[in-house]
2 protein chains.
Amino acid sequence: MKIYLAGPDVFLPDAAAVGRRKVELCARLGITGLYPLDNMVDLAARDASLQIFRGNEAMMEAADAIIANLTPFRGPGADPGTVYELGYMLGRGKLCLGYSNDPAPYAQRVRDFTAVHSRDGRLVDALGLTVEDFGLGDNLMMIHALDLHGCALVRPRQAPADPWHDLTAFEACARMAAGRAAAARPPASG
Amino acid sequence: MKIYLAGPDVFLPDAAAVGRRKVELCARLGITGLYPLDNMVDLAARDASLQIFRGNEAMMEAADAIIANLTPFRGPGADPGTVYELGYMLGRGKLCLGYSNDPAPYAQRVRDFTAVHSRDGRLVDALGLTVEDFGLGDNLMMIHALDLHGCALVRPRQAPADPWHDLTAFEACARMAAGRAAAARPPASG
């Protein structure tokens, strides 16, 4: 089973090393991790961003599943680029797994991000925009997509000391993917 | 042509009215807008969020295209719920259109959101995470998905006075969708 390893990990200072750790962890479980940074891209080229897009799209097509790192990124919600890829993979009918290294429900994170108050029984932010308050880890579209088309979002009970490098939740997803891959394999003959 | 009208518009205090304006605008152009809030959901039910998910997924399946409102939402990037839907619709092979009522490039918005500096030739934020700096309106995955599978992100030259209610960029997307629908229709006989 080939698994596309999506997440804002690619933006980390040690992005390549984090990717290697994820790919090695997958290999130990008998599955193949595909990490976006492993695409060859000429970052000095005028069309570098398009090369990255095409590389990622081809990698997603080659993959059977996605593990999306939905740890909040520059705000209370997940990284939009990663979320785009999760939606795309679901649309393509692939197995969808995801984790977040922030255990807080979404509404709590919005409270930490901006002023929030109740109005007419709804939770709203300073701009008057409704805050989703279903007790879920992020926007309901991603959360229920995972519930119904893969497995529930994996979250730690307590935030790890280093949420950008702790791979405990990632490993839980990888083990589930490996379990699915083993279950799908035909039994050995004889 | 049926068009799924995705966006954080559903979180506005006057979400239903905004949806009506969008649907009416589509109708005047001869296309059918499908607005998520038009799904019947019992918000008091224990599974309200799942009802919303299922309603949105069914609406997306029924639609031929999506117009995604990618105006920044609670941070420098687009609303993850909307971006999920854009990815899903692209994965399903549908026509993908989008707009943002913020004309600034993504890197500029990150500068306004948090401290940013250069390190080893890369733009990084206060956490050391790379800031995409390709001059695009948002994360390259969404931008190039639109470029290649619909049309380029529509942005105003100047931010409208009320970015949550100005429908100029939305109308530009709707007109493009109507044009595609007309081009796909067989010519009248006789």
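Predicted model: local features only at pLDDT ≥ 70, side-chain atom pairs only at ≥ 80, totals over all residues.
Which strands of chain A does helix 3 lie across?

**Entry 1**

I found helix 3 of chain A lying across strand 1 (2-6), strand 3 and strand 4 of that chain. Helix 3 runs at about 160 degrees to strand 3 of chain A.

Next I looked up the sheet itself. It is an open sheet of four strands in chain A, with the order 2-1-3-4 and parallel pairing. I noted that strand 2 (32-34) and strand 4 (95-99) of chain A each have a single partner strand, so one side of each is left without a neighbour in the sheet. On average, neighbouring strands of this sheet are turned by 25 degrees against each other, direction ignored.

I then followed one pairing in detail. Strand 3 (residues 65-69) of chain A is joined to strand 4 of chain A by five bridges, and the two run parallel. To see one of these pairs, I went to A65(A), whose bridge partner in strand 4 is L95(A).

**Entry 1: where the chains meet**

How many residues does each chain bring to the contact? I have 51 residues from chain A and 51 residues from chain B. Between them the two chains bury about 4,300 Å², and 69% of that is on carbon and sulfur atoms. I wrote down R74(A), Y84(A) and M141(A), which supply 20% of the area that chain A buries against chain B, more than any other three residues.

For charged pairs, I have two salt bridges between chain A and chain B. One I looked up is D125(A) with R74(B), where the closest N and O atoms are 2.9 Å apart. I also have 18 residue pairs in polar contact between the chains.

Which elements of chain A supply this side? Helix 2 (48-62), helix 3 (80-91), helix 4 (106-113), strand 6 (122-125) and helix 5 (140-149) each give at least two residues. My helix 3 of chain A turns up again here, with the largest share, 10 residues. By class, I noted 31 nonpolar, 11 polar and nine charged residues on the side of chain A that touches chain B.

**Entry 2**

Last, I turned to strand 5 (residues 116-119) and strand 6 (residues 122-125) of chain B, which run antiparallel and are joined by four bridges. Here S118(B) has L123(B) as its bridge partner.

Terms used: Residues numbered from 1 in each chain as written. Chains lettered and ligands numbered in written order. Heavy atoms only, no water. Contact = heavy atoms within 4.5 Å. Buried area = accessible area lost by both parts, 1.4 Å probe. Salt bridge = Lys/Arg side-chain N within 4 Å of Asp/Glu carboxyl O. Polar contact = N/O pair within 3.5 Å; in protein donor to acceptor, adjacent residues only side chain to side chain. Nonpolar A, V, L, I, M, F, W, Y, C, P; charged D, E, K, R; others polar. Pairing = 2+ DSSP bridges. Axes fitted to C-alpha atoms, helices over the stretch in contact; angles between N-to-C directions.
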